[in-house]
There are 2 protein chains.
Amino acid sequence: MKIITYNVNGLRSALSKGLLDWVREADPDVLCLQEIKAGTAPLDVSGFEALGYQAYLHPAAKPGYSGVATFTKLTPKAVVVGCGTECYDSEGRVLRLDFDDFSVLNTYMPSGTSRPERQAFKIGWLHFFRAYVRELQATVPGLVIGGDFNCCQRDIDLHNAKANQNSPGFTPEERAWFADLLADGYTDAFRHHHGDAVGHYSWWTFRSGARARNVGWRLDHLLVDSGLQPRITAAGHLPDAVHSDHCPVFVELGE
Amino acid sequence: MKIITYNVNGLRSALSKGLLDWVREADPDVLCLQEIKAGTAPLDVSGFEALGYQAYLHPAAKPGYSGVATFTKLTPKAVVVGCGTECYDSEGRVLRLDFDDFSVLNTYMPSGTSRPERQAFKIGWLHFFRAYVRELQATVPGLVIGGDFNCCQRDIDLHNAKANQNSPGFTPEERAWFADLLADGYTDAFRHHHGDAVGHYSWWTFRSGARARNVGWRLDHLLVDSGLQPRITAAGHLPDAVHSDHCPVFVELGE
DNA sequence: CCTCATATG
DNA sequence: CATAAGAGG
């Protein structure tokens, strides 16, 4: 059971760079994409269907903005599009697929880098999201939260922690939020498997050759319900995929 | 004395495709450019200056839209930017350089293809322009009107006259306007030199390989005051220049 | 430094 | 089918 999360920075752009060939090779059972940036016309998902995937989409109301999609080879027993809160659902930020013994919550958390109001919006979302997940825990066992969190927790999760103490994505408030979320009963699959390994990032700015110099952040995560933790057989990054400014992040669960 | 008119469809784009190398080779004395599409930052004309040109610009008020520029190796004795009518000058459509024994009126006439209101605007412009030129005739002898006229006169000026009887750029009204303008005392340099030659166009849509199939229109013209007609030594198109959806059009005047 | 929508041609 | 600005990241 391989689950991959990947912020594609525009699904059509990623497709034009050979995303489907990469999907065929990587062969995830469940593929969570973020920032699909769907337009006004319906997205063409036939390429995924040809590879045996069912497609579930949650685009933003605004064309070309945000949006998540989950592709799955397993048939879900339930699909929940959105979270029921309009200001988030209009931005296409959550999509849940329930399977027999686990659920995959695909999420694209807001970025706070453009304007202070968006950082405030993000903080609001983080509080909402934690409460939302706590509620899910009661009814949806075996949650796997996968997506672009647009934040990280520890100094080793970004190239230059010192210079970014107050940068959106690494503020004390966000770091504390991340720790609290984990304390609610989740395992960061990457850290579980790689311990305190450094230099593993999932996003690099396009500017000034940051990716070639590995000046990045670990913003994309797969948080696994701690009850599922014993089933984690592998986890990591797939930095050879170059369709985006992010790289894919994966986890494998045994039976 | 070589005068070239060229709709560059974005000066920065054309420069990135080697416009300056082409200018060095073509070596015009006066170069009229249209659709420079200047942005908010001042255009970098140093490359033209390095080739010995003086630069005169008339950008539109709206960044990235319309605008004309004239580059000259001869020092003009007068330069007139715009025509004095705000609704045209805000779109950067005329720029006149007076030399000792002739003047070059660089013009980018409105396109009418986007919306009916723009075709109406264009018709208004055409009437204005003819009156404007009639006034100039009294005070500015030896006028050379060069630019993208966005219209043509005769069946042989476009690939498919039959199908375009009512297309903007070839409506009966525009064709009559063109004939009237010539009757005011101007010689179409291209026709003067090439008679009724067919298949010579100066614009091809980017769509569906129109240029390769030579499915085009002759929209760019050099109209020479009939008093200067005896001085025309050469005229024609330069379709090997491929920086734009238009090609350059030239005329040479002897002493 | 990218992708995308929109305006304009 | 292109250019360009502008939003968003």
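These legends describe close-up views of cysteines and salt bridges in a predicted model. Local features need pLDDT of at least 70 and side-chain atom pairs pLDDT 80 or more, whereas totals for chains, interfaces and linings use all residues. Residues are numbered from 1 along each chain as its sequence is written, chains are lettered from A in the order in which they are written, and side-chain values use heavy atoms, without hydrogens and water.

**View 1. Cysteines of chain A without a disulfide partner.** Zero disulfides (cysteine sulfur pairs within 2.5 Å) are found over all chains. For A:Cys83, the nearest cysteine sulfur belongs to A:Cys87, 7.5 Å away. For A:Cys151, the nearest is that of A:Cys152, at 7.1 Å. A:Cys151 is buried at 0% relative accessibility (buried is under 20% relative accessible area, exposed over 50%, partly exposed in between; 1.4 Å probe, protein chains only).

**View 2. Salt bridge between A:Asp184 and A:Arg134.** The N to O distance is 3.0 Å (a salt bridge is a Lys or Arg side-chain nitrogen within 4 Å of an Asp or Glu carboxyl oxygen). A:Asp184 lies in the loop between helix 6 (172-183) and strand 9 (186-188) and A:Arg134 in helix 5 (residues 116-139), so the pair ties together parts 50 residues apart in sequence (helices are DSSP runs of H or I, at least four residues, and strands of E, at least two, numbered from the N terminus). A:Asp184 is buried at 17%; A:Arg134 is partly exposed at 46%.

**View 3. Salt bridge between B:Asp101 and B:Arg231.** Their closest N and O atoms are 3.0 Å apart. B:Asp101 is partly exposed, with a relative accessible area of 40%, while B:Arg231 is buried, with 17%.
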